[in-house]
2 protein chains.
Amino acid sequence: MYLPRHFEEARPEVLQHIMRAHPFATLVTQSANGPVVNHLPFMWVPEGGPHGMLRGHVARANPLWQDTLPGSEAIAVFQAADHYISPNWYPGKASDPRVVPTWNYALVHAHGPLRVIQDKASLHALVTVLTDTHEGGRVAPWKVSDAPADYLDKMLGAIVGLEIPITRLVGKVKASQNRSAADRAGVARGLAAETSAAASAMAQWVPIENRSAD
Amino acid sequence: MYLPRHFEEARPEVLQHIMRAHPFATLVTQSANGPVVNHLPFMWVPEGGPHGMLRGHVARANPLWQDTLPGSEAIAVFQAADHYISPNWYPGKASDPRVVPTWNYALVHAHGPLRVIQDKASLHALVTVLTDTHEGGRVAPWKVSDAPADYLDKMLGAIVGLEIPITRLVGKVKASQNRSAADRAGVARGLAAETSAAASAMAQWVPIENRSAD
């Protein structure tokens, strides 16, 4: 990923937040026929790799876990927000019309080797912690133990677990850091005025020192 | 991408809608060092390839346009929606507890070779149509001609255009089609009750024949 220094986000707690808040990842793996792209939720855990580890699962029928080239690197992409940025949002445009549109976004690339988990005890532990994570905040959480044991055993046989010990964690937050404080405030206001969840999500990433700077 | 038949979305108008409504793509290209992942908005146009063509641009400083292996296939991913699906949303669970959580999503993979555009007349035309697309609905649209000509010329020198004639267009809409009508209605209700834009977006993809089926 092309990453100019002013858009690099290196704070581990921010990268971890993105992965946890936006767990549905785009997974890029390497096969003999070129890149393979799949989509699945991953859970980031602090242990298991230099930058933690990703844990998830796919259908056993998904060829990815057998087609991935041994020793190759997988890339999991977690995307927090994105939005079009209009040059009209820059107050600085009034005195200097040298502006163009751009697209802002905040995302994380987690790199590492892909490990496949097939033993049922590990898979049972994995789906339990994944379920508890996603059901945790609900009024009456569904639990893995709610499913009949024989059915659960069959379902565990129909998936394989995936683990990616993260050897490299790269964050790109393109949020108008290359603009003046006044223009950044204008971008945040412009995004807020869009009154869409996508725009509001992006607005939160724009660094604002002083909202009255313009 | 693993794609069971019941999750395949092949209607061209639906795939085109996803690409137009969610233009910010994850672009996977192939270099001598393996897959490369970048992020940029693409515009889908009906002409230029068997399934139309994608047009966009990146910074000239982005190595992707020089590193991509000649003859290799690029994959652009457009994502419309995704959300966790709780088994508690299935009314059928009351009589049959054989249910597990899943994750629903709707997205498109556009495959094709990557072409690089460097001549400034083409780039000027490209940024003009991209700008007009994204500024079109605004009260006072910014126009490319608002920027000083010498500045614009410099900016066009700092980008390269990318075109992907689409040779294969794959849609995956995983939206509980493998559940009963009652369970699908329950999923739509469950998503609606989340009261988040992400959940509402996913709810729209769940096929509901009869909301009172349960």
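Predicted model: local features only at pLDDT ≥ 70, side-chain atom pairs only at ≥ 80, totals over all residues.

Biologist: How many residues of chain B are in contact with chain A?

Modeller: On chain B, 48 residues are in contact with 48 residues of chain A. Contact here requires that the C-beta atoms of two residues, placed from the backbone, lie within 7 Å.

Biologist: Which element gives the most to that side of chain B?

Modeller: Strand 3 of chain B gives the most, with six residues. Among the elements that each supply at least two residues are strand 2 (24-31), strand 7 (102-113) and helix 3 (120-135) of chain B. Helices (H or I, at least four residues) and strands (E, at least two) are DSSP runs, numbered from the N terminus.

Biologist: And what is the make-up of that side by class?

Modeller: The side of chain B that touches chain A has 30 nonpolar, twelve polar and six charged residues. Ala, Val, Leu, Ile, Met, Phe, Trp, Tyr, Cys and Pro count as nonpolar, Asp, Glu, Lys and Arg as charged, and the others, Gly among them, as polar.

Biologist: Why do the copies meet through the same surface?

Modeller: Because 100% of the interface residues of chain B are also interface residues in chain A.

Biologist: Back to strand 2 of chain B: is it mostly covered or mostly open?

Modeller: Strand 2 of chain B is mostly covered, as seven of its eight residues are buried. A residue is buried if 20 or more other C-beta atoms lie within 10 Å of its own, exposed if 12 or fewer, and partly exposed in between, with C-beta atoms placed from the backbone.

Biologist: What joins strand 2 to strand 3 there?

Modeller: A hairpin through two residues joins strand 2 of chain B to strand 3 of chain B. These two strands run antiparallel, with eight bridges, and Phe24(B) has Pro41(B) as its bridge partner. Strand 2 of chain B also runs antiparallel to strand 6 of chain B, with three bridges, and there Val28(B) stands opposite Ile75(B).

Biologist: Now chain A. What is the strand order of the six-stranded sheet?

Modeller: The order in that open sheet of chain A is 1-10-7-6-2-3, with antiparallel pairing. Strands pair if DSSP finds at least two bridges between them. Strand 1 (8-9) and strand 3 (34-41) of chain A are the edge strands.

Biologist: And the sheet of four strands?

Modeller: That open sheet of chain A has the order 4-5-9-8, also with antiparallel pairing.

Biologist: One last topic: where is Trp89(B)?

Modeller: Trp89(B) is in the loop between strand 6 and strand 7 of chain B. Trp89(B) is buried, with 22 other C-beta atoms within 10 Å. Leaving aside residues up to four places away in sequence, Trp89(B) touches Gly186(B), Val187(B), Arg189(B) and Gly190(B). Trp89(B) and Arg189(B) are 100 residues apart along the chain, yet their C-alpha atoms are separated by 7.7 Å.

Methods. Residues numbered from 1 in each chain as written. Chains lettered and ligands numbered in written order.
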